[in-house]
Amino acid sequence: FWITASSDSHVNQRDGGSDFDPGEYSKTYVWARPEADDILGGVRGGRMFAVTGDLIDALELTVQAADGSGGVGRMGESVGLPSGTPMKVQLRVRKPDSANAAGQHPVLRQLELIVGSAGGRSPQMQTRRFTAKDWKQEGSWYEVTWELLAPAGGGFVRARGSSTDEETPLADIKGEDPWQDLWFHSNPVFIAR
């Protein structure tokens with residue numbers, strides 16, 4: 001089961017409704033060649049991320065041993081890391097050059113890396129939040145890195161980011177301007193023991 005963005009439309013906002021045209025506000029990006037089989041393979045394999053309001057248009061999430069040994073896991077993949085192994089999580093996102101459908105260039109305010117591991121009835125989460133003072137920027141690309149120990153018993157790593165300062169996405173309030181509350185969410189990289 002993978003994360004995707006919903007883009008169903010019945011009556012567009014500009015026509016008095018509450019919907020957007022498909023792809024106008026929310027999008028799912030798939031890492032694939034422009035061929036049907038590879039696109040479907042990317043969807044089935046979780047090589048995708050969801051974004052609203054064109055906050056970003058590219059995302060690369062990798063997990064590997066901190067010393068560079070062994071394999072590299074990407075979205076939808078697993079990487080083998082024994083419990084307690086120092087691991088490096090790297091997130092790179094790209095800001096679009098063009099304005100979104102609202103004619104805006106949203107500002108990325110935060111990036112967050114989330115590491116989950118098995119623990120009782122629900123996963124145990126470690127999170128690290130990054131702001132502009134923490135990330136490296138090269139052109140349109142923003143990059144953050146987090147080194148920590150691989151979770152005991154395996155787990156996952158995923159990423160999200162926002163145009164807000166909210167630590168977690170809050171429920172929308174009736175009448176809220178959706179273009180001021182933009183997020184992206186990645187699919188996970190799995191950590192196998």
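Before we zoom in, contact here means heavy atoms within 4.5 Å. The model is predicted, so local features need pLDDT of at least 70 and side-chain atom pairs count only at pLDDT 80 or more, whereas totals for chains, interfaces and linings use all residues. Residues are numbered from 1 along each chain as its sequence is written, and side-chain values use heavy atoms, with hydrogens and water left out.

View 1. Thr62 sits in strand β3; strands (E, at least two residues) and helices (H or I, at least four) are DSSP runs, numbered from the N terminus. With neighbours within four places in sequence set aside, Thr62 is in contact with Val72, Gly73, Arg74, Lys88, Val89 and Gln90. Thr62 counts as buried because its relative accessibility is 13%; buried means under 20% relative accessible area, exposed over 50%, and partly exposed in between, using a 1.4 Å probe and protein chains only.

**View 2. The open five-stranded sheet.** Follow the strands in the order β4-β3-β6-β10-β9, with antiparallel pairing; two strands pair if DSSP finds at least two bridges between them. At the edges are β4 (72-74) and β9 (136-138), each pairing on one side only. On average, neighbouring strands of this sheet are turned by 25° against each other, direction ignored; the axes are lines fitted to C-alpha atoms, and angles run from 0 to 180 degrees between N-to-C directions. Within the sheet, β3 (residues 58-65) and β6 (residues 86-94) share eight bridges in the antiparallel sense. Here you can find Leu59 opposite Val93 in β6.

**View 3. Lys27 with Asp54.** A salt bridge is a side-chain nitrogen of Lys or Arg within 4 Å of a carboxyl oxygen of Asp or Glu, and the whole structure has eleven of them. In this one, the side chains of Lys27 and Asp54 meet at 2.8 Å, N to O. Lys27 belongs to strand β1 (residues 26-30) and Asp54 to the loop between β2 (48-52) and β3, so the pair ties together parts 27 residues apart in sequence. Lys27 is partly exposed at 25% relative accessibility, whereas Asp54 is buried at 12%.

**View 4. Glu112 with Arg160.** The closest N and O atoms of this salt bridge are 2.7 Å apart. Since Glu112 lies in strand β7 (residues 110-117) and Arg160 in strand β11 (residues 155-162), the pair ties together parts that are 48 residues apart in sequence. Glu112 is buried at 7% relative accessibility, and Arg160 is buried at 10%.

**View 5. Arg33 and a salt-bridge network.** Salt bridges that share partners join Arg33, Glu35, Asp38 and Arg47 into one network. Arg33 is in the loop between β1 and α1 (36-45), and is partly exposed with a relative accessible area of 49%. The C-alpha atoms of Arg33 and Ala102 are separated by 29 Å.

**View 6. The largest pocket.** Its volume is about 620 Å³, taken as the space filled by probe spheres set on grid points joined across faces, edges and corners. On a 1 Å grid over the protein atoms alone, a pocket is an open set of points where a 1.4 Å probe fits, with protein on both sides within 12 Å along at least five of seven lines; lining residues have an atom within 4 Å of a point. Of the 28 lining residues, Tyr25, Ser26, Thr52, Asp172 and Pro178 are the closest to the centre. The elements giving two or more residues to the lining are β2 and β12 (183-186).
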